[in-house]
Amino acid sequence: MLFAQSWFDGDHPEEQRIRALADQIYGAVDWTWITPRAPFLSMGWHPESGFIPSDWNIYNEGMLMYLLALGSPTHPLPPSTWGALTEKFEPSWRGDHLHYPPMFVHQYSHVWVDFRDIRDAYIATKGIDYFENSKRATIAQRDYAIANAGGFAGYGPDIWGLTACDGPGDFKATIGGRAREFFSYSERGPGARDDGTLAPTAAVGSIVFAPDLVIPTITAMHDRYGRGIYGKYGFFDAFNPTLTEMGEPLKHGRIVPGVGWVDIDYLGIDQGPIVAMIENWRTGLVWNTMRRNPHIRRGLDRAGFTGGWLARVP
């Protein structure tokens, strides 16, 4: 919505209305209400029972939400909230980057915000920026697939990518003499669940971070598995070359000869980053548009980000 607000920047009355509606809707959000355990935002609320017991209080995709909360012109969270959040990041530091198993965590905030060369107080102490952090997470995922400690079919330098995605179902099976456990929709990643299910969005959505690694992977996935994993709207959500026979009822997808298990769904939350990140890599269109949005800039300023494009007059 804020992207549309900055994209439609003309004087036509309809474009003016789009901008006004975006302000109205964004300004109506009372971020201070969503903090039953201040300063952190709650992960959910039910009208019957109230807030759930979980908060956004670790390194994850919630970075973008906090920037929106800090940037609010009506009901913002205090600037100190960002420091309280990043104090929780350190347990996720794994030597050279902040680690979180599913790749989407390292992508989603970056779809909208250009983190290149801008830093907050926390990431500055690491000598990198959050863009570089996601680049290193991308490389780590590929290295994980190359090592392939789980012995899954297909994994390698050009076939990799674990994130939250559809899976074949929740059951166990013995394949090639090895006991395997499979899952339906679940987060997947190094150090977490891995049942051999690969999600193209995990790799393709990282094209901005490491195009030299991702472009050969896009080509290899398409060439090796062809129409088996690629349809009218692009890549299907996920596939699993290890699961080649249907010994248990599948919750999702089907077995494709010569490929293995393949999902039949396109999930918008996974397809979206593919399209947006390809465009950011090609032209920077989404990033450049969001740079002009006053709410995003205000959120970054209040979070203490400095340098890079933020140092230039909007």
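Of the 68 residues in the largest nonpolar core, which touch the most other members? They are Trp82, Phe115, Tyr130, Leu300 and Phe305, and several of them return in the views below. This is a predicted model, in which local features need pLDDT of at least 70 and side-chain atom pairs count only at pLDDT 80 or more, while totals for chains, interfaces and linings use all residues. Residues are numbered from 1 along each chain as its sequence is written, and side-chain values use heavy atoms, with hydrogens and water left out.

**View 1. The largest nonpolar core and Leu300.**
A nonpolar core is a set of buried Ala, Val, Leu, Ile, Met, Phe, Trp, Tyr and Cys residues joined through side-chain atoms within 4.5 Å. Buried means under 20% relative accessible area, exposed over 50% and partly exposed in between, using a 1.4 Å probe and protein chains only. Helix H3 gives this core its largest share, six residues. Look for Leu300: leaving aside neighbours within four places in sequence, its contacts (heavy atoms within 4.5 Å) are Leu67, Val113, Phe115, Ile118, Phe305, Trp309 and Leu310.

**View 2. Helix H12, residues 294-303.**
Helices (H or I, at least four residues) and strands (E, at least two) are DSSP runs, numbered from the N terminus. In H12 the buried residues are His295, Ile296, Arg297, Gly299, Leu300 and Ala303. Their cover includes helices H1 (2-7), H2 (13-28), H3 (63-71), H4 (80-86) and H11 (285-291). At the start of H12, a side-chain oxygen of Asn293 comes within 3.0 Å of the backbone nitrogen of His295. Just after the helix, Gly304 has a positive phi of about 90 degrees.

**View 3. Phe115 meets Tyr130.**
Rings of Phe, Tyr and Trp (its six-membered ring) pair if their centres lie within 6.5 Å; planes under 30 degrees apart count as stacked, over 60 as edge-to-face and the rest as tilted. The structure holds 19 such aromatic pairs. The centres of Phe115 and Tyr130 are 5.9 Å apart and their planes stand at 70 degrees, so this pair is edge-to-face. Phe115 sits in the loop between helix H5 (108-112) and helix H6 (121-124), and Tyr130 in helix H7 (residues 130-147), so the pair ties together parts 15 residues apart in sequence. Both Phe115 and Tyr130 are buried. Ring pairs also link Trp82, Phe115, Tyr130 and Phe305 into a cluster.

**View 4. Asn280 in helix H10 (residues 268-282).**
Is Asn280 buried or exposed? Asn280 is buried, with a relative accessible area of 4%. A polar atom of the Asn280 side chain lies 3.1 Å from the backbone oxygen of Val111, and a polar side-chain atom of Asn280 is 3.3 Å from the backbone nitrogen of Val286. Not counting residues up to four places away in sequence, Asn280 touches His110, Val111, Val208, Leu285, Val286 and Trp287.

**View 5. An open sheet of three strands.**
The strands run in the order E7-E9-E8, with antiparallel pairing; two strands pair if DSSP finds at least two bridges between them. Strands E7 (239-240) and E8 (254-256) stand at the edges with a single partner strand each, so one side of each has no neighbour in the sheet. E8 and E9 (residues 260-262) share three bridges, and Val256 has Gly260 in E9 as its bridge partner.

Terms used. A polar contact is a pair of N or O atoms within 3.5 Å; within protein, one must be able to donate a hydrogen and the other to accept it, and residues adjacent in sequence count only if both atoms are side-chain atoms.
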